[in-house]
Amino acid sequence: MTTYNDFVIRFANVNGSGSASANGMFAKALFRMGVPISTHNIFPSNIEGLPTWFEVRASAAGYHGRREGVDLMVAMNAETYEEDVAAVVPGGYLLYDNSAGLDRRLFRRDVNQIGVPISKLIVSAYTDPRQRKLFKNIVYVGALSALLNIDFDVITGMVSTQYRGKDELIAPNIRALEMGRDYAREYLECPLPIQARRTDLVGDRIMIDGNEAGALGAIYAGATICAWYPITPSTSMAEAFENHAARLRVDKNTGQRKFAVIQAEDELAAIGIVIGAAWNGARAFTATSGPGLSLMSEFLGLAYFAEIPAVLFDIQRVGPSTGLPTRTQQGDLLAAAYASHGDTRHPLLFPSTPGESFEFAAAAFDLADRLQTPIIVLSDLELGMNENLSDPLTWDDRRRYDRGKVLSREDLDEVEEFGRYLDVDGDGIGYRTLPGTHPTKGAFFTRGTSRDAFARYTESADAYTENMDRLLVKWRTAATLMPAPEISGRRHRVGIAYYGTTAVPMAEALDNLVDDGVRLDTMRIRGFPFSDEVARFIDAHDFVFLVEQNRDGQMKTLLVNEAGVEPTKIVSVLSYGGLSITADTIRERVLKHYDENNLARLTEVSGAAGADGRRTSRQ
Amino acid sequence: MTFVAKPVVHHPKLPLNEIGLNRRDYEGLVSTLCAGCGHDAVSAAVIQACAELSIPPHRFAKLSGIGCSSKTPNYFLGNSHGFNAVHGRMPSVATGANLANRELYCIGISGDGDSASIGIGQFAHIVRRRVNMLYIVDNNGTYGLTKGQFSATNDKGSTSKRGVPNLYEPIDLVSMALQIGAGFVARSFSGDRSQLVPLIKAGLLHRGFAFIDVISPCVAFNNHNGSTKSYDYTRGNAASFVAADFVAPHEQITADYAPGEHEIVRLPDGSELHLRKLEEDYDPHDRTRALAHIQEASRDGEIVTGLLYVDSDGTDCHEILDTVDTPLSVLGEAELCPGEAALDGINAGFR
């Protein structure tokens, strides 16, 4: 039986061999045929020579999460043959280079081996060693086009656009594609029972990674200064900001730039530059990952206490310490929420999709200005570095930047008494002034030492306490401004909560659980401090599964500490090996909890039973 | 320290500068440093220099790190914003501040602990980036606030108050700044205001990174016999190769110079710096030889002061980054947001 647009293909390559662009082209071809896909790049912290994998999942149902069980493995790395063969589902396929015959390690009785003499084809067609290396990848893409029935024109069209301006590269690339395709057509059974088919399931969606979407969000939000220090997986965000700004933010007449990017000497300097710039009135941000966040803690405490806006994107990777630097995790929640010594706390945003990376990036700058405090956007490697389907980015031209409470020269003329830290409005947020605004009014000294409401240094216990209490008032204001949780259901006794990229496999997990007789209300947490709805959702259910990608249940800790949630009401579903959590894992853990506790699976509140058999194919 | 509040009323005969302000308009709060602290003299020199330049007092941005030196921005330019950052990290905050608003005059005040120890990395990198600012280190060779530990600029063999010698090699920030490419490098002494004030003025107007290392004795912990950062030692061992006289655009040159002995360096606003060579073969435009001279003098126990290096066509960070002339901080939605329509093209690029 032939299935269409529903398979997982994993490419096993050696890093530095030029496979990334070939594999990317393969994925994009499916996307351009209207097939919903998601990609996962599982790469080493290395330049050349170590194993790297790239997964493409096509899902007609629109499921974006990773799925274990590879339908077709492209085994191009002898070093990982054993594990690659083992990853294939029974009855699945394995494409390999049979120039030297079938390697013993590649044999598995229940897997279909597909041999293509890639090296032989390449050696006879190209003389340049570099071309021989690069075009190996292109040959297997050509073979796959025949095996999976991918429109050849879509692929060749992509080659032409990709090498526009370097036209001499187009013909040899197309030749390599044709070699692979022609060999497959002539010698192999084509197409396979797993196939692609042109469809319109993609709609107007785009394929983008979270880092690039976030960088565009920063540009739209009016960020002018980016200071950063290279660290995987955040680097591409700063680079994307610079690349897009170089096009979108240039003065038409002079060619001069309306932005500045500084690659700082370390993360301490990066956040210092951001804070200095924000103090002086510009919107500024940094992008980093866990180790950088640790280094930035001291400055984050200063910005919290001195009340300076700052935006920090933490593209999380696996900790502790250097951890697994090229794998994904949600392990920085507590470090981010409470970064720095003393009673310090920071608002957090949890984007789940590239579209939300864009939206939250823009929101972060408004929130930072409004709340006069650092805002940390907690993305992760999974979201930041993998190109995935996303609704198109949108912007409303009527939208105005919220620069918060900043007094102009005219305002200061009117003001009788200016106190930087006076809570005039009762929301815990004082009015700030920017350097250079007024000749005689509004100047103050920004410091990390204790001061009174008029920014004067003081060691008075009362003044200190009053200030710390006002910061709590501000914190409660923050809770009203953070994006609300997305809640659905409200009729089942058990709920499931998730945030960030644990949302990605959720639609699939929930649909499959319905088949198992388990129906759950859902809550996607999007910001911290939590709005009241978060605790209400948990209170309203017998218990709530909480899906996280860390060992210690860091979101659970936050909910217990900050939302007063009863710890026993939360059942953690944790995955932290560095690969994105799958729908199967979530489903298994949920069912295991039901079975171990002898819980009845159909748990609808009476009256609502059976009312909702709807499957959520897209979240 | 003194608890006597300064009278608010100005003496009617205090001279006014070109914008109708007198020196008192450039002052700050009363200092809480020890009586006789060199840092207060540096603050006084900053006040005099800024007043004489007739720059509106609110058009400065004052930045500092942590330590006695870093408290001093409180004591001058009370109408400008100040930022007391974290220890050793003032350079990054100053970089950000200058990137955001290139029109403000940026003054950074740091100390030897702040810049030569905890902040040496940030110091090195702000020099490299040529941030347009005046960076002053109040250098007393000691950690005053924590009661007299040696700092990294303390000379080897210089003794503590209790007579214990310092066993480690000193870091010379002047040599370091020269080596990494600072466009304006000077050393001075808090006790020599006639030398310090013109240097501050020139440093403020110089485009790019201007660095002044000011020997500023700590009367509480490092002003005894045996210290090489005391008032007496500095007075006795300071030697100047080049004297700098600052001449504002409209002023006439009144001094008589022997031909060939002086040279004019033009600053971006039209002011001039008149350099008088006190040592025949010293060339303040030759970075390599300046460095050699300083190190030779140091070997001979001399503290070289004065303007040690200046490049006359300096560039700054904004030129390197090719940013617009308007401060980035004042650009609004219209200049910054590409808008709805541009997103169509951007989205299309991801299909």
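**Exercise 1.** Find the strand that holds A:Val56, then decide whether A:Val56 is buried or exposed.

Solution. Start with the location: A:Val56 sits in strand β4 of chain A, residues 51-59. Helices (H or I, at least four residues) and strands (E, at least two) are DSSP runs, numbered from the N terminus. Before going on, a word on the model: it is predicted, so local features need pLDDT of at least 70 and side-chain atom pairs count only at pLDDT 80 or more, while totals for chains, interfaces and linings use all residues. Residues are numbered from 1 along each chain as its sequence is written, and chains are lettered from A and ligands numbered from 1 in the order in which they are written.

Next, count neighbours. A residue is buried if 20 or more other C-beta atoms lie within 10 Å of its own, exposed if 12 or fewer, and partly exposed in between, with C-beta atoms placed from the backbone. A:Val56 has 23 other C-beta atoms within 10 Å, so A:Val56 is buried.

Last, list the partners. Two residues are in contact if their C-beta atoms, placed from the backbone, lie within 7 Å. Skipping neighbours within four places in sequence, A:Val56 is in contact with A:Ile9, A:Phe26, A:Ala27, A:Leu30, A:Ile37 and A:Thr39.

**Exercise 2.** Work out how α9(A) and α3(B) are oriented to each other.

Solution. Take the numbers first: α9 (residues 267-279) of chain A and α3 (residues 90-100) of chain B pack at an angle of about 40°, with axes 6 Å apart. Axes are lines fitted to C-alpha atoms, for helices over the stretch in contact, and angles run from 0 to 180 degrees between N-to-C directions.

Then apply the classes: under 35 degrees is roughly parallel, over 145 roughly antiparallel, 65 to 115 roughly perpendicular and the rest oblique. The two helices are therefore oblique to each other.

Now see who takes part. On the α9(A) side the residues include A:Gly272 and A:Val274, and on the α3(B) side they include B:Gly96 and B:Ala97. A:Val274 also has B:Gly96 among its contacts beyond four places in sequence.

Finally, zoom out. The whole contact between the chains takes 56 residues from chain A and 48 residues from chain B. Helix α9(A) gives the largest share of the chain A side, nine residues.

**Exercise 3.** Do the orientation step again for α7(A) and α12(A).

Solution. The axes of α7(A) and α12(A), the latter residues 354-371, come within 7 Å and cross at roughly 30°. They are therefore roughly parallel to each other. Among the residues that meet are A:Gly214 and A:Leu216 in α7(A), and A:Phe358 and A:Ala361 in α12(A).
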